[in-house]
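This report describes selected features of the structure shown below.

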Amino acid sequence: MNKYSFSSYVLIGRGDACILILWLHPTFNYFLLYDGSKVKEEGDPTRAGICYFYPEETPLEQQELLCGQLAGVSRCVAELSTSPVRLLRLRRSKFAVRMREQFLWALSSSVDVPDVSICEFLDQLISLFCFYNGPVRQSYQLHSRADLSAHWAKYLSHLQGGSTELHHIFSCLQTIDATKIDPLLLLKAALILQACQRCPLVLAGCILYRGRIVSTQMPPSLTLKVMVHETETYNQEHRPPANERSTFSTGGQSSTMTTPVFLNPSEVQALHSAGELCCFFSTSRSHCSPQPDPRARKSRLLSRTLSDTPFSEQDLTNSSPSASCQTMPCSHRSSLSDESCFSPSPGSSQDSAHFAATHQSEDSSHADSESHDYKLSNGITLSEVNGDSKEAVFGDKEETMIKTIIGSVEEGNSLTNGHHLTLEDEKDQNHEDHERHLHRPVKEERLDVGRRVLGDSPEKMWREENRTCGEEIDSELLPMVLYEHRVRALVLALLVEPQFPTDRTAPEEVYHSSLASLNGLEVHLRTSSSGAPGPPGPYSFAHYDCIQNTLTTNLSGRLPGPQDRSFVRATALLHSHFSHTYSAQEAIIRSAGAAVYGTRSAAQETFFLQHAATARNSGIPNPLDSAFALPNKARHRLLKHGVNLL
Amino acid sequence: MKCLLVASESAEVLFYWTDPEFELSAQEQYGASQEDGERPPAFEDSINTLFAPIIISCSTMVDQLGDSYTSFSTENNHIYVLHQFDECLYIAVNGDGEESEDDLKRKIYVLKKLTEMLFGMVTLSSTLLRKELRPQDTELRCRVWRKLQGLLETYSRLRDHDQSFLVEAVERLIHPTLCEQCIEFLERRLVQQINTSVDRAGEEVQHAFILVHTKLLAFYSSRNASTLTSSDLLALIILVQHFYPSTTDPEESTPEDMDSASAPEIFYTPEPSPTDNDSGSERVEPDKPPVFQFVDPDIQVAVDSLQTLEVPPQDPSTPSRVFLETTLKEGFFPMMPHSMYCLPMWPGITLVLLTKIPNSQIAMSIYNFLEGFTKLEKRLAEGQQGSPASRGQLPVNELRSKIDKFIRVLGSSDIQAPFLQSVWAEFKNRAFSRGGSGLSKELLPWCRNMKIQLCAIYRQCYVAEGSSRQRLSTALQDRALTMVQDKLMDWKEFLLVKSKRNITMVSYPLTYLEEFPGLVHFIYIDRSAGQMIAPSLSITERATSELGKGPLAHFIKAKVWSLVGIARRYLQKGYTTVTLRDGDYFFCYFLWFENETGFKLDVVEIPSLPDDSAPIGMLACDYYRKLLRYYSKCQPSEVVKCYELLTVHLGVIPTEYILQHCSQLARKLWEPSRIPLL
């Protein structure tokens with residue numbers, strides 16, 4: 001009978017708060033993989049179809065109940081709609097669902113997790129499995145259920161682990177806090193990766209430090225997959241995992257290993273086209289015939305980073321031979337000299353002296369380099385970096401390359417090379433041609449990504465998404481190898497062609513050429529990342545980069561207060577709103593307790609809340625209301641975090 | 001691709017409604033599993049088979065996990081929304097992207113509301129409701145289903161085209177002088193005359209109102225009547241629109257880009273003759289509710305045997321039995337029987353009379369008994385097996401004597417209640433005699449049984465065939481109609497135009513375009529009164545609205561519709577202010593509270609409701625009433641009023657100006673909404 005009371009809602013309201021607190025360490029309620037092909041006849045027990053069930057300690061009866069009901073209802077709905085089910089919602093939980101062939105995956109979470117996020121998680125989970133194990137059907141034919149269950153458990157714990165609820169809303173990658181470290185290190189990391197790419201067997205790579213990205217050349221989805229293995233091995237210290245193929249040179253703190261992995265064709269294609277892009281950087285790639293003189297390759301191709309010229313020796317001598325000799329006393333430019341450019345602390349006295357010298361000379365050359373005076377967030381102008389070296393060492397082409405990289409560093413602390421965004425075209429009349437080559441593919445890619453993010457219509461985007469995941473499950477996966485080189489907490493992870501581990505020279509070359517640079521980088525990161533976080537300021541913000549799938553926020557690392565919780569709640573709502581409504585650009589939403597401003601573009605989403613005792617207001621439209629001043633405040637406050645909302 | 005069905009726990013379809021696309025696709029699917037040459041089964045059977053696994057899985061989940069499905073969505077964006085009311089499972093499906101999850105949920109709640117209005121407290125017993133929704137008699141079933149299907153279609157049409165059904169608040173015709181005259185006329189002349197007439201057969205007019213299309217011209221309630229809630233008034237308007245759909249308006253035509261727009265779905269309609277350039281051939285005959293017109297031979301085959309049965313037309317003077325919420329001095333009664341007389345004055349203008357029926361006293365008693373048994377059940381379930389001396393004893397004894405008296409009264413009137421008598425005797429035997437179980441858990445099934453019997457009496461009195469034999473005489477009805485027709489004769493044309501262009505952006509006294517440059521549209525809602533004001537958005541081929549015509553006007557209409565959805569979504573989560581820059585437009589939404597003198601009250605934290613809560617609105621499940629009650633707890637000393645304002649501006653206008661506009665608008669609109677209902 002119609003008894004109207006709000007008391008139950010108040011209770012539910014309180015319940016929400018509880019769920020949110022739990023959600024700080026979000027747990028997936030259930031995850032299951034069910035193989036319908038095993039349960040066909042009337043008499044077949046449901047348990048025969050359960051490939052994996054999380055939590056594993058769930059009583060078998062309950063496992064059977066859930067699997068049976070979900071599989072049954074999903075099949076019925078799929079038949080009615082002639083399309084696989086994507087999401088099943090219950091009153092107290094929701095299941096993201098994938099149906100492919102006879103398999104059914106379902107991942108459940110609390111109702112507070114946005115739909116887009118839980119679906120994204122499930123797709124990540126499935127693609128992680130395929131990345132390390134290959135096609136699902138085949139894996140279950142080749143390996144025992146127990147083994148594969150261990151894998152699922154590992155991927156699940158990886159996706160749940162560590163990060164904050166905000167990271168879960170956006171299901172984004174964890175990067176190192178770029179504002180706390182010297183941007184030069186980011187540059188150096190990028191250059192190490194580029195250097196590795198000169199080996200034709202290397203497709204792309206990324207550098208991770210303590211489970212966070214320092215630099216990556218891969219699209220976010222791939223980086224995420226690579227990170228799982230890294231985190232796992234980092235946790236296990238040096239215990240090699242079961243499916244590891246080979247480990248060589250495990251001396252001291254440095255070790256490498258290779259793991260077979262599987263990529264879908266579109267990923268491989270993306271990497272190949274990115275690789276071609278790199279060819280523009282390194283014309284020398286053409287010199288890199290399958291069997292060149294190993295020594296020559298080593299010195300020319302793999303050991304250089306910032307001071308390195310990617311072009312042939314001839315080019316280099318033509319451009320500025322004397323200068324080159326001047327700054328680089330070591331004629332063969334070993335990795336040692338490379339390191340000396342970056343690390344003032346360790347290394348020989350000679351290196352320190354050299355470092356000092358470069359520093360001195362930069363003052364004089366500073367005036368010449370102002371045309372590329374890239375201000376970085378910590379106040380260092382990047383022209384200091386390329387100051388003398390540009391004049392002295394780099395040919396014009398290298399300059400362009402540096403600029404590209406700098407551009408990527410500047411652009412919202414972007415860390416990727418292959419996927420960076422250059423918002424303004426760099427105009428360099430001297431090298432227009434070269435630049436065109438250089439930027440064209442990048443821009444096209446960017447457009448492509450933009451299209452994917454923006455979408456012409458929700459349906460299209462949805463289809464697009466489905467295609468990507470469907471492809472993962474359906475299509476032929478191509479075997480590749482993941483090469484990892486660990487220096488303490490620092491890892492260089494490269495995706496390489498399958499023949500890389502057996503290649504006569506490639507593994508050794510990549511190893512030796514990057515070893516010293518990695519050591520140097522590790523020392524720097526170790527010393528610089530120890531700094532305590534600054535005061536968070538009287539506001540909360542989250543800045544999500546949709547293209548690189550990264551998040552910048554001042555929320556992590558402090559105990560969430562009530563304001564933070566309202567911020568996270570509003571952010572989750574706004575994020576799901578933005579992901580449905582493609583024309584929405586900015587929004588302010590206000591409850592009695594908090595007003596949150598959200599703005600988004602094709603490339604980013606930013607959310608902002610000003611901490612303040614909310615002035616009492618009636619909610620009636622009032623131009624003087626403080627909530628409407630939020631956009632200005634956000635613009636102002638976030639500038640110092642490197643977020644430009646103009 | 002739309003479908004809505006109600007199923008019992010035993011997976012029997014109690015009611016279904018589908019659009020032709022869904023029916024066709026379901027037939028194809030079902031046909032695939034059929035052998036060639038075999039005649040396809042009745043559609044009712046195939047839909048039963050198709051949905052059975054879902055229905056069964058639902059009850060398994062409830063039984064075994066204590067959780068139930070609320071929605072499914074598929075990769076091609078089909079949406080299924082499920083909701084369980086007591087033992088009936090409602091499933092709404094959309095596969096064409098025209099309805100959101102919220103729309104489907106709303107549709108389910110509206111169907112629930114409509115069944116409550118048609119069947120009253122019979123809906124409280126699933127056993128009886130099942131019989132009512134799916135009578136054994138095919139002809140009767142056909143009639144019931146037709147009626148509900150028609151009501152659902154009417155609702156969908158109104159929700160898609162009428163702003164008042166979009167925001168679920170009644171729109172009034174803004175003409176204070178005429179409005180007052182009409183109210184006076186209804187009070188002094190019409191209602192008084194009917195209620196003093198000898199031909200009224202014991203009925204008493206409690207409410208009388210005049211509708212011009214969906215807009216309210218005048219509303220009068222007699223002094224001793226309970227107020228009519230907004231929810232009921234909106235549902236009654238759906239009913240009136242179902243009987244006399246206003247698609248017959250000559251201005252209403254179907255432009256090409258408004259494909260799904262007007263109500264009846266017509267397939268393979270022959271091209272209109274070249275001279276007939278306004279799509280007149282697609283007009284529906286005046287007094288015919290929109291029904292499917294199957295022309296395609298493939299679909300023709302699919303026509304269910306049920307649909308080929310012709311429903312005999314009802315006597316137009318027969319009133320409809322409706323069950324409305326009343327609050328009397330005796331207490332609150334959610335579903336009191338009334339008779340509704342719907343008298344069409346001219347196409348588009350209708351006089352509606354709501355009468356109290358003579359034996360409604362029985363409904364009040366039954367409601368009290370049902371309440372009593374529910375309380376008793378709760379106590380028994382909690383295990384308070386008190387001794388006769390416990391304080392719980394008194395209400396039971398009181399209940400006992402009242403029911404005894406009730407049965408005696410029934411016996412003296414000509415209402416047959418043998419089952420009630422026998423069940424009650426058995427109940428008394430078990431509960432109060434020495435050899436019985438006393439007031440213990442064993443009594444629970446008997447409580448349930450008593451409730452069913454009480455509902456059965458209610459059904460017998462108010463719902464069953466022939467229960468509405470008594471009525472105002474036809475002559476009296478005619479006289480009433482003529483009276484009001486005479487009164488409004490000179491205003492007829494004006495009213496019809498006014499209903500299309502109630503307030504316009506250029507109309508006096510609010511010249512919106514001059515005062516608020518950049519303002520595209522607004523909706524102002526007084527939630528305490530359940531009324532709204534908005535410039536007309538009627539998009540017709542001939543009459544251009546302020547928005548012009550063609551794609552832009554449709555685009556803005558679509559924007560307004562989607563923005564209402566967005567505002568509701570945030571309100572559900574406790575946000576009372578939303579501003580949104582969306583494409584080239586800027587959208588604002590505000591909800592606030594005032595006291596009676598217009599003093600603005602402070603905002604309070606509004607509860608954030610879970611996703612599966614009832615839809616935000618007034619028609620099906622009055623959210624705003626709950627909200628007002630919730631707020632009143634914080635401001636116990638004052639009468640609290642709740643207002644909402646939605647605006648759409650051009651995006652190029654600076655935000656400061658937009659906010660200024662909003663605040664000025666809120667101040668200006670405060671007055672016109674004060675036209676009293678009475």
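## A buried loop residue

A residue counts as buried when its relative accessible area is under 20%. The model discussed here is predicted. Thr229(B) has a relative accessibility of 15%, and therefore counts as buried. Thr229(B) belongs to the loop that lies between strand S8 (215-221) and helix H8 (230-243) of chain B. When neighbours within four places in sequence are set aside, the contacts of Thr229(B) are with Glu325(B) and Arg625(B).

## Confidence in chain A

The mean pLDDT of chain A is 69, and 58% of the residues score at least 70. Within chain A, the lowest confidence falls in helix H1 (residues 7-23), with a mean of 32, whereas strand S3 (residues 85-90) has the highest, at 95.

Residues 1-25 of chain A have a pLDDT below 50, and this stretch makes 41 contacts in the model beyond near neighbours in sequence. The pLDDT is also below 50 over residues 278-469 of chain A, a stretch with 293 contacts in the model beyond near neighbours in sequence.

## Strand pairing across and within chains

Which strand of chain B is joined to S3(A)? The partner is S3(B): the two strands run antiparallel and are joined by five bridges. Leu87(A) has Ser73(B), in S3(B), as its bridge partner.

S3(B) also pairs with strand S4 (residues 79-85) of chain B, in the antiparallel sense and over three bridges. In this pairing, Ser71(B) stands opposite Val81(B) of S4(B). Four residues separate S3(B) and S4(B), which form a hairpin. In the turn, Asn77(B) has a positive phi of about 65 degrees. Why is strand S3 (residues 69-74) of chain B described as largely enclosed by the rest of the structure? Six of its six residues are buried, so the description applies.

## Nonpolar cores

The largest nonpolar core contains 208 residues. Phe51(B), Ile54(B), Phe373(B), Phe593(B) and Tyr624(B) have the most contacts inside this core. Helix H11 (residues 360-381) of chain B contributes the most to the core, with 10 residues. Beyond its neighbours within four places in sequence, Phe373(B) is in contact with Leu399(B), Ile403(B), Trp424(B), Phe427(B), Cys447(B), Met450(B), Lys451(B) and Leu454(B).

Another core, of 52 residues, lies apart from the largest one. Among its residues are Trp105(A), Leu122(A), Leu203(A) and Met227(A).

Terms used:
Residues numbered from 1 in each chain as written. Chains lettered and ligands numbered in written order. Predicted model: local features only at pLDDT ≥ 70, side-chain atom pairs only at ≥ 80, totals over all residues. Heavy atoms only, no water. pLDDT = per-residue confidence, 0-100. Contact = heavy atoms within 4.5 Å. Buried < 20%, exposed > 50% of the residue type's maximum accessible area, 1.4 Å probe, protein only. Pairing = 2+ DSSP bridges. Core = buried A, V, L, I, M, F, W, Y, C linked by side-chain atoms within 4.5 Å.
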